[in-house]
Amino acid sequence: MRWMCDGADDCGDATDELPAACLLKTCRPSEFSCGGRLNQCVPNSWKCDGNADCENGADEVGCGPRQCVSAEFRCANGQCVSRAFVCDEEADCDDGSDEAHCSPSTCSSSSFRCNNSACLPRLWTCDGDMDCPDGSDEWPQNCGVRPSTPPSRRRPCSILEFHCGSGECIHSSWKCDGEADCLDRSDEKNCSLSTCRPDEFQCGDGSCIHGSRQCNQVYDCKDMTDELGCVNGELSSHCEAPSRFKCRSGECISMDKVCNKQRDCRDWSDEPLRECDSNECLYNNGGCSHICNDLKIGYECLCPSGFRLVDKKRCEDIDECANPDTCSQICVNQVGSYKCECEEGYQIDPATKACKAIGTIAYLFFTNRHEVRKMTLDRSEYTRVISRLKNVVALDMNIATKEIFWCDLSLKKIYRAPMDSAADSSQHSVVIGSGVDAPEGIAVDWIHGNIYWTDGIRGTISVATADGKKRKTLFEKDLAKPRAIVVDPIKNFLYWTDWGTPAKIEKGGLNGVDRSALVTDNIIWPNGITLDLLNQRLYWVDSKLHTLSSIDVQGGSRRTLITDHGRLAHPLSVTVFEEKVFWTDVSINAILSANRVTGGDITKVAEHLSSPEDIVLFHNLKQPQAVNWCMVGNGGCEFLCLAAPQVSRFSPKYTCACPDDMMLDTDMRKCLPAVPTTVPPVQFKTIATAQPQKPTTSVQKPSTTKASAPSTITLMPVLHTEPKATDAEFLSTNTPSEVSTQTNQHSGVAAAINKKTSPTSLALYIALPLGVLCLLGIGGVLLWRTWKLKNTNSIHFDNPVYQKTTEDKVHICRNFNSDGYSYPPVRYKLTIY
C-alpha cells in the first residue's frame, strides 16, 4: 500500500496509479492531503515551510509570511532576524534592511570602539589577539609601549611553520606558493612572481609543469587547469554510430551514404549486397532476448530500461541498488526497476523523491569567533545564541540533554551551558580549564555522556566526562596537527583530521583501540569533517586543494564532489543533513550547501557573516539513541567506562580506563598508580673468565632530575639484593617483577601484575623440570634397548668350539614374524682322529 499512488508504475499495468484508486486513499490526522490526481499525504509540519512538497504544490498554497516573535526584527523581504543584529554593521537580512536607517553606533564605557566602528569588551584590547576585524585593538597607538605578549597568550608556531599576520600558523612550504592561505594573505606578500619556461605550462595556482603533460587526460596541476579546454579524445568519437560509419578502408562517412547504391568507401564496404535491404530481425527476433533493432548494415540487440545487454544478445536485470548513491537511504531492487524507501523518522518527499526528516525544526548552529548563532535552513529565523565570547572555534551539542559545548582557543578552555539559557553568561561552566593549549575540535558522545577533543599544539586527542571530572589522553603518538573530530557512538568509533606532515584522516575506537588511517594521499589541509550516520559515509573539506570529498567509514569508495577555488576558497567546517552538505568558508564569510551525492546545486545559505568557523546541524534525528552499557554502575569501572568499537558480534561492549598517571589492576577495572622514573632498565652483563667466579650484585641509586617536559611514566623491575648471596639467591633476588602493560596508544588500558618470587618456589621451578627431564631420559634408554633386542638377528651355539650334539638346533629368525625362516634340527657326527 505504501507504493500506491506514489507516481511510479509498480504493477506494470499502472493499476496502482489509477485516479479512482488514489481518490480512495485517506491521510492520517498528522498528515496533510495534497489532493489532486495522486492525492498524496505529507506531514503537517511540512505545510507552509517554504518548500513545495506536494507534487501540485498544495502544501504551500495560501501560506502567509512567517510571524516574527517579539525578540526578532522583520526584514523587508519577510525574514526574521534577532533584534540584536539590527544596526550591528553587518547585513543579516538578505536585502540588508537591518542596516538601513541606522544612526552612528556608540560604544559603552566598558567597550572599545574598533577603527571600523565595531564594539568589543575593553578587556580584549592589547592582549595579543586581534579581535577587531581591522586589528585596531592591537595597534601600537592604542596600546602604547607595553611588554611583549606572554608566551602563554601567544599561539606558538614551530620552526617549520610560517606565522601569519592574522595569527594562524601554516606550513612554511605554503609561503609564496601563489595561493593565499593566511586570512590576511600575509603569506603571499613580498613574493616574487613565478614564471614558467617556454616549454612549460603554468597552472592556475602558479605552479609549472612540462608542456607535454597538458591535455594528456591526467590531472597534473593541483587545480586541474591543465585539462581545461582539451579535446581529450573527441577525435576518436567522430566516427561512431549512429551518425557516422567507418569504412574498412579507413574512411569515415555519414550514415546516410550507407546502402545508397553508390560507392562512398574505396573498398565498397558501405554497400554489402547481402546485408543492405535485409531485415535480420524478422527471423527469430535476430536471436535477441528482448528488442531487435534493424540497421542499414546488420542489426543490434537492445534492452529496455532497467536491463543491460550481456553477450550481445541477452538482457539481464540491472541491480541499481549496487550503487550506494541510487537512493538516499534504502534501496529495494526490482526486475527492471527499483524503489527508494526511508529509514524510520524520514519520509519520501513527493516532489523531490528524496527522504525528508520528520520531527523538530532543523537549525544550523555556527560560530563566528565572538558569537554562537543559529538559523533555520531557509533562514526564515536567525538569532544569536551566545554572545561576547573571546575566540570560539569549535562547537557541538547534546540534543537529548539540550546542552551546548564549545572551545575557546584564546582562553584555552572548554565550556558548556544549557541550550535554553546559553545567552546568560552565569550559566556557563568550565568543563576543561587546564592541560589544553589549542582545542580546535570537539565532539559529544550523546549516548555515553563523554566529550572528545583535539589539541593541535600538544598533538593529542583526549576524552572526558561531560562534567570534566574524569579525563584521559587517548591518542598522542604520530599526531601532528589534529583538528576536526566526529564520533559514532552507535558503532563506537571516532574520526579526525590531521593537517600535519603528512596530512591524513584517521579513525579509532572510543576507548582508544583499533586505530587506522583512512586517507593518506591527495590530502593537504583537511579542516572540517562530518559523518553521515545513516549511510556510514564521511565528508571533509580541504582548504589547500579547495575540495569537498567523501569516503565510506572503511576507507573505500572515495569521491571528490566539488573542486572550486571560489566557493571553497578557505572552508573550515562541514556538516550533512538529508540530501545536503553544508560548509563554512572564512574567506568569503559565508555558509554554503550542495547536494551530498552529486556535489551540484551549490547555494549560499547565508553570507555577509563575520569569520564563520564551526558548524553543527540541530535535529533530533541527528543523534539517535542506543544502549549505554556503562550506565549501570559505570560498568564496574573505578574511573572511566569507554565504549568499545563494534567490529563483530563478539566485540566487548566497553572497557575500563584509568587516568594518564595510573594503570588498570589485574581485574581490569580498578586503577593502580604508575611508578614514575627516569632510570633506564637495568641490564646484566655476563663476563667469561678462566676460573668460575661467584656472581655479585650491586645497586646503583637512581638519580633524580627535573625537566620542564612532562615526565614519562614507565614500569621498572624491582631489585632485591642481599649481601653474600648464593647463586640461587642471586637468581631469585634479581629476577625482575613480571609486568604486563598496554599503552593508551592502543586501548587506553594498562594492567600490571607484580609477582614476588620466593627462593623456595624458585628452587621448585628449577628442580621439577630437571626431574621430568631425567625420567624422560631413563624411559628413552629402556625403550631403545627393547627395540635393539627385538631387531637383532643371531645364531646361538651351545658349544663355543662348534661341537654340536643331536639336540642342537639352529634358529634363524627375522623379527619373530611369520615371514621369518626356521630350519629343522640337523644332527652332526664329528670324528676325531
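**Disulfides, ring pairs and confidence**

Me: Are Cys637 and Cys656 buried or exposed?

Reply: Cys637 and Cys656 are both buried, where buried means under 20% relative accessible area, exposed over 50%, and partly exposed in between (1.4 Å probe, protein chains only). The model is predicted, so local features need pLDDT of at least 70 and side-chain atom pairs count only at pLDDT 80 or more, while totals for chains, interfaces and linings use all residues. Residues are numbered from 1 along each chain as its sequence is written, and side-chain values use heavy atoms, with hydrogens and water left out.

Me: How many disulfides are there by the rule?

Reply: A disulfide is a covalent bond between the sulfur atoms of two cysteines. Here the rule is a pair of cysteine sulfur atoms within 2.5 Å, and the count comes to 25 disulfides. One of them joins Cys637 to Cys656, with 1.9 Å from S to S. Its torsion about the S-S bond is -75°, a left-handed link. Cys637 sits in the loop between strand 44 (615–618) and strand 45 (640–643), and Cys656 in strand 46 (residues 654–657); the pair links distant parts of the chain, 19 residues apart. Strands (E, at least two residues) and helices (H or I, at least four) are DSSP runs, numbered from the N terminus.

Me: Which residue does Cys34 join in a disulfide?

Reply: Cys34 is joined to Cys54, S to S 1.9 Å. That link is left-handed, with -70° about the S-S bond. It connects distant parts of the chain, 20 residues apart: Cys34 is in the loop between strand 1 (31–33) and strand 2 (41–43), and Cys54 in the loop between strand 2 and strand 3 (72–74). Cys34 and Cys54 are both buried.

Me: Why is the disulfide of Cys196 and Cys208 called left-handed?

Reply: It is left-handed because the torsion about its S-S bond is about -85°. The sulfur atoms of Cys196 and Cys208 are 1.9 Å apart. Cys196 is partly exposed at a relative accessible area of 21%, and Cys208 is partly exposed at 32%.

Me: How many aromatic pairs does the structure hold?

Reply: A pair of aromatic rings is described by the distance of the centres and the angle of the planes. Rings of Phe, Tyr and Trp (its six-membered ring) pair if their centres lie within 6.5 Å; planes under 30 degrees apart count as stacked, over 60 as edge-to-face, the rest as tilted. The structure holds 8 such pairs. Among them, Phe85 and Tyr382 have ring centres 4.7 Å apart and planes at 55°, so this pair is tilted. Phe85 lies in the loop between strand 4 (80–82) and strand 5 (111–113), and Tyr382 in strand 23 (residues 381–386), so the pair ties together parts 297 residues apart in sequence. Both Phe85 and Tyr382 are buried. Together with Phe366, they form one aromatic cluster.

Me: Which residue lies over the face of Trp46?

Reply: Lys356 does, at 4.8 Å from the ring centre. The criterion is NZ of Lys or CZ of Arg within 6 Å of the ring centre and within 35 degrees of the ring normal. Likewise, Lys507 lies over the face of Phe493, at 4.1 Å from the ring centre.

Me: What is the mean pLDDT of the protein?

Reply: The mean pLDDT (the predictor's confidence in each residue, from 0 to 100) is 80, and 80% of the residues reach 70 or more. Over residues 684–757 the pLDDT is below 50, and this stretch has 106 contacts in the model beyond near neighbours in sequence. Residues 828–833 are also below 50, with 2 contacts beyond near neighbours in sequence. A contact means heavy atoms within 4.5 Å.
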